Number of protein chains: 2
Amino acid sequence: MESCLLLDAGSGGRASQRLVKQCFLQQFANPLLERMDDAALLADLKGALAMSTDSYTVTPLFFAGGSIGSLAVHGTVNDVSMLGARPRYLSCGFILEEGLPLETLEQVVADMAVASRKANVPIVTGDTKVVPRGACDKMFINTTGIGEIFTANPPSGHNARPGDAVLVSGAVGDHGLTIMGSREGLSFLTDVATDSAPLNHMVAEILAAVGDVHVLRDPTRGGLATTLTEIAEQSQVGIELDETSIPVHEAVRNGCSFLGLDPLYLANEGKCICILPEAKAADALAAMRRSPYGQEAVCVGRVVAGRPQVTLRTRIGGQRLLGMLEGAQLPRIC
Amino acid sequence: MESCLLLDAGSGGRASQRLVKQCFLQQFANPLLERMDDAALLADLKGALAMSTDSYTVTPLFFAGGSIGSLAVHGTVNDVSMLGARPRYLSCGFILEEGLPLETLEQVVADMAVASRKANVPIVTGDTKVVPRGACDKMFINTTGIGEIFTANPPSGHNARPGDAVLVSGAVGDHGLTIMGSREGLSFLTDVATDSAPLNHMVAEILAAVGDVHVLRDPTRGGLATTLTEIAEQSQVGIELDETSIPVHEAVRNGCSFLGLDPLYLANEGKCICILPEAKAADALAAMRRSPYGQEAVCVGRVVAGRPQVTLRTRIGGQRLLGMLEGAQLPRIC
């Protein structure tokens, strides 16, 4: 193969076939993908399904703790999981820029393959487009996921109820600050890495431990504050948070303070919010902590009757209203 | 709203929400999408499923007979249909360039909505990313489709058998030449328009009329010749075509002859290849012709034992070997 991607690799002809066989089929190897028909045949899905899609445009392509490839698998696996579903299959669509070093593509595809195996969710169908130099910045990836819902009452942003506890599976802000640090070459951020991780096994643990929960959400773009505000509005409830209980890694806290950023608005890619009746909170936290990705899980607040908004009880005893993110802290974060 | 897309419309915050509500939810209106959770809940899918994904990067965004919006719906609806499936749900991921006129986005989204209603396949979950000016060329769309397989033996490129007839649902080359004409402003191509159309209803008619078929494929990138070569290789059979029987519209024939293009290698977006036992061919053709998109359906050749290749019996009685497309006739055709 050439060392850089040529336009004809997206033509649908012989060059496309070579790329698919030598790169994608080898890395993603599974019998469903290898059929190479126009669609993948999924014979064994049962019951109600969850479907979710995300396009990944993150820059740089590689950053501390991950890459656009691992992110593209984790992000969609997590979105499917948030409906109380077991993610089963992923599709994958590449948009590649002519001239992209094949080594770069291969590394990203290898990262996807590792992430897909770790999450135990195979990539079963795909598509590759190559656009001329300058028509896209290096590469974009879309993944779409399908999962089986295994809870009688799927969680939803609409289901938060007064009296519920608000749990977070770990520290917030790591992903957002990592991307910012990698992009700007901020050397004092060397202790920060993305939290990007597959949450499907942890979600299964939570639901096995406590049965139905009211809300599951992963606070990605817009961060914890934006996601909780969305939930407050969808459920028409208030949410009260205790600032002191929200876990933020020290390196993230310091980096944010230096850069004037708020970790509550920074993206996370390996955290979930779980809202459920207070009586179930301890069991849910214990389930989260059994996962390698939920070691720092804590209760950060409660759902109350009242105006659909999120208030933060600050460290010094004040109250601060958290709204949705206005403007863009950072484009191309995921 | 502003008249051009700003970066913060992709932030996941308030501006994203405005765009989603004012543009996507209004046009794609359906109860599944309106839940706005991380994934869509699909409660009513039965049996084996087909899943297919495609990213659309066509330029220009609008062309005779269609747009990137209608194409993004038709293309994925058709890929799902080619597994003998009834497409049921679509996801949709936008990658948008900062500064894109909102009017352009709205027109594309309106085209998608019309195409989705016409095909009767709702868009149930989505994602929007906005990248800085210059990081993508105007807009890319990914759609992923899920369908219910309603045939006992799903068609596959691996199933062509000697003795089968090779049918095509209509004239070839229209889409490819249309894109080329729109891009280059070729005024003598005014009689050419894309064939982009949803084929799900036609496929249902065919399968209702004749039961199982061996192969269904839509000859998109690489055209009829490349797709048939792929099938010949997957099934390890020969395919013989009669040049005189392959329908090509006169305007396409003239345009190709002028530009030095081969219509057999040009993309189609509303045609299918159907390969099935010769005894069923007449009924399948009749079923195709009952569809508005299959009026010109004909038998163009047959499957034979022998080397896995496609040969064309030419107008003057010679034989020409058709291979796969080598190189790229035209990038960003779909």
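User: What makes D37(A) and R217(B) a salt bridge?

Analyst: The rule wants a side-chain nitrogen of Lys or Arg within 4 Å of a carboxyl oxygen of Asp or Glu. Here the closest N and O atoms are 3.1 Å apart, so the pair qualifies under that cut-off. Across the interface of chain B and chain A, the rule finds 10 salt bridges. One caveat: this is a predicted model, where local features need pLDDT of at least 70 and side-chain atom pairs count only at pLDDT 80 or more, while totals for chains, interfaces and linings use all residues. Side-chain values use heavy atoms, leaving out hydrogens and water, and residues are numbered from 1 along each chain as its sequence is written, with chains lettered from A in the order written.

User: How do you know that β1 of chain A and β2 of chain B pair?

Analyst: Strands pair if DSSP finds at least two bridges between them, a strand being a DSSP run (E, at least two residues) numbered from the N terminus. Three bridges join β1 (residues 40-42) of chain A to β2 (residues 49-56) of chain B, running antiparallel, so they pass. L42(A), for one, has L49(B) as its bridge partner.

User: Why are β9 and β14 of chain B called edge strands?

Analyst: The open sheet of chain B runs β9-β11-β8-β12-β10-β13-β14, with mixed pairing. β9 (215-217) and β14 (319-322) each have a single partner strand, so one side of each lacks a neighbour in the sheet. For β14(B), β13 (residues 310-313) pairs with it in the antiparallel sense over four bridges, with V310(B) partnering L322(B).
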